[in-house]
Amino acid sequence: MTAGDTDPVAYQVAVRAVAQESGAGRVAALRRLGALAAGHPGLRPRAIESVAEHLRAPYDADGWDADARREAGRVLAGLLRAGATANPPGGPVGGAADRQPSSPAVALDLREATLVDLDLGGCVLGAVRFADARFLGATSFVDARFTAAADFARAVFHGTARFTGARFLGHAGFGRARFRADADFTGVWFTAIAWFARGEDELWEEDPAWETIEEARPAPWDEPNEDDPHWPVAVLMGDYQEWSEGGDGARFVGPVSFRQAHFDGPAWFFKARFGADATFRQARFGGPVHLDQPAVDLAGARWAAAADDGPVCWPLGWTPAPALAGDGAELVPDHSVSPYARQLADADPDVRRAGLEILADLGDARPELRQRVVDTVCGYLRTPLSFDLTGVRTGDQAAEVELRRTAQRTLAVRLRPSAGTPDAPPHWAGMDLALCGATLVDLDLTGCHVGYADFTGVQFHGVTRFAGSVFAGAAFRLGGADGRASFHGAVSFTGARLDGRRSVREVLGEVSRSPWR
């Protein structure tokens, strides 16, 4: 054996002990394996894959409990850090201050893994696959460097998720990821696509990936007020030609920070959902952007791309100011839509209620703004509710539900032709409704005329009325059985036309769980 090698028998014994031991014995065996591989670079990739394989096992498989998974994560982090120099991370991407691997960055496959208190802070990683992983406890990728594509599609972060200062040198995919606590992307640098939109795949019929797609087992979609456990999965066939996709995107239940983040490529948050404060203060955008949620704070952010570099969508109330030489355009309050000043982002329900009234008056007076106003109200309705509608509500919760009803009525009264009706607001003709994933209570669209409506994954609570409504088109589910809307109460479609070519039953499919007429 040459210097740095180790006895292969000793390595096999260490690996076998990890599989055979349980409880405290397994934790000790993991530590021995980590110590053995850390001193022998040739063993590290094999040891990393061995530990990752164990973490991919179901949570209760063969005694792989929280303590064992926590220790496995520590061993994994130690082996990954052992392959990097001690240079501190930080500074511009590609700069001398970035951590440089002393050997090729290790790829990591932790799809569908259950990870407990994982801390890969400061690690240098190759292509990583965390799709459908469950992150329990606190998770840290602080100052991590991803040298290739990073896939976090449909991952669930049950505790705090910290990516502070991380570097993504390849595509960063967080499509339909769920952040159930605080999330911190402060100072993160995205050099390619930052994808927080709908996380679907498009595959051609002959693509070999079809052979494994049915094996995907994402964490159940068990958010409050939603009852379709499989709707995060969708596979389409077609020619991918544009960024716009239907369905739901990443969901942030708690506060999230992208403060001072850099987006060199597309920053795509199309149909992402923010349930609390979402700050992009002093962020830098260098490519196409879709970030239209009303809760987003863009104070001090800058956009350095040109209008013809790709599609751009900012929240109503923000606009790029004239660019300073070489510094990009600063995002500033949009006085062209005054007196609306992002009131729907306010924590005070009275301020949000006033914002709905301001938006309604703004759309009544300015037809060219009506679709943007509708999009903003729909964005508010898509904000996740943090409490279960079927339980007893507190005073604050009841007030939030009533405010949601107010937002629904604000739209409905303007989508309903009002010819000959005294004191009725003008009819906002041809409006599209982007309500995928929303929770709606006592929705009444009776007699409304709408353009295209996206109701995929919507949960309709209380009494729902579509009687006599006319739609240019409507969707209540994704392409297959997943992403269906559900009705949790009486619903009427009497005389409704949801599509010019299909009947109501054809459009709805099997989405309803309540009798409807």
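**Aromatic pairs, charged contacts and burial in the predicted chain**

Phe141 and Phe152 are both buried. The model that contains them is predicted. A search of the whole structure returns 60 aromatic pairs. Phe141 and Phe152 make up one of these pairs, with ring centres 5.6 Å apart and planes at 85°. The geometry is edge-to-face, because an angle over 60 degrees is classed that way. Phe141 sits in the loop between β5 (139-140) and β6 (145-146), and Phe152 in the loop between β7 (150-151) and β8 (156-157). The pair therefore ties together parts that are eleven residues apart in sequence.

Trp303 and Trp314 also form an edge-to-face pair, at 6.1 Å centre to centre and 80° between the planes. Trp303 belongs to strand β27 (residues 302-303). Trp314 lies in the loop between β28 (312-313) and β29 (318-320). The two residues are eleven positions apart, and their pairing links distant parts of the chain. Trp303 has a relative accessible area of 11%, so it falls under the 20% limit and counts as buried. Trp314 is buried too, at 8%.

How accessible is Phe141? Its relative accessibility is 0%, which means that it counts as buried. The residue is placed in the loop between β5 and β6. Cys123 is 18 residues from Phe141 in sequence. In space, the C-alpha atoms of Cys123 and Phe141 are 7.9 Å apart.

Charged groups also sit over aromatic rings. Arg342 lies over the face of Trp318, at 4.1 Å from the ring centre. The charged end of Arg404 is placed over the ring of Tyr380, 6.0 Å from its centre.

The structure holds 29 salt bridges. One of them joins the side chains of Arg70 and Asp67, with an N to O distance of 3.0 Å. Both residues are in helix α4 (residues 66-82). Arg70 and Asp67 are three residues apart there, so about one helical turn separates them. Arg70 is partly exposed, at 22% relative accessibility. Asp67 is partly exposed as well, at 48%.

Arg414 and Asp364 form another salt bridge, the closest N and O atoms being 2.9 Å apart. Arg414 lies in helix α8 (residues 395-415) and Asp364 in helix α6 (residues 349-365), so this pair ties together parts that are 50 residues apart in sequence. Arg414 is buried, with a relative accessible area of 10%.

Glu402 counts as partly exposed, at 32% relative accessibility.

Salt bridges also join into a network. Its members are Glu226, Asp248, Arg251, Arg273 and Arg382.

The secondary structure of the protein chain comes to nine helices and 38 strands. The chain has 517 residues, and 52% of them count as buried. Among contacts with a separation of 6 or more, 47% are between residues 24 or more positions apart. The accessible surface of the protein chain is about 21500 Å². Carbon and sulfur atoms account for 53% of that surface.

Note on methods
Residues are numbered from 1 along each chain as its sequence is written. This is a predicted model: local features need pLDDT of at least 70, side-chain atom pairs count only at pLDDT 80 or more; totals for chains, interfaces and linings use all residues. Side-chain values use heavy atoms; hydrogens and water are left out. Rings of Phe, Tyr and Trp (its six-membered ring) pair if their centres lie within 6.5 Å; planes under 30 degrees apart count as stacked, over 60 as edge-to-face and the rest as tilted. Helices (H or I, at least four residues) and strands (E, at least two) are DSSP runs, numbered from the N terminus. Buried means under 20% relative accessible area, exposed over 50%, partly exposed in between (1.4 Å probe, protein chains only). A charge sits over a ring if NZ of Lys or CZ of Arg is within 6 Å of the ring centre and within 35 degrees of the ring normal. Contact means heavy atoms within 4.5 Å. Accessible areas come from the Shrake-Rupley method with a 1.4 Å probe; for residues, only the protein chains shown count as cover. A salt bridge is a side-chain nitrogen of Lys or Arg within 4 Å of a carboxyl oxygen of Asp or Glu.
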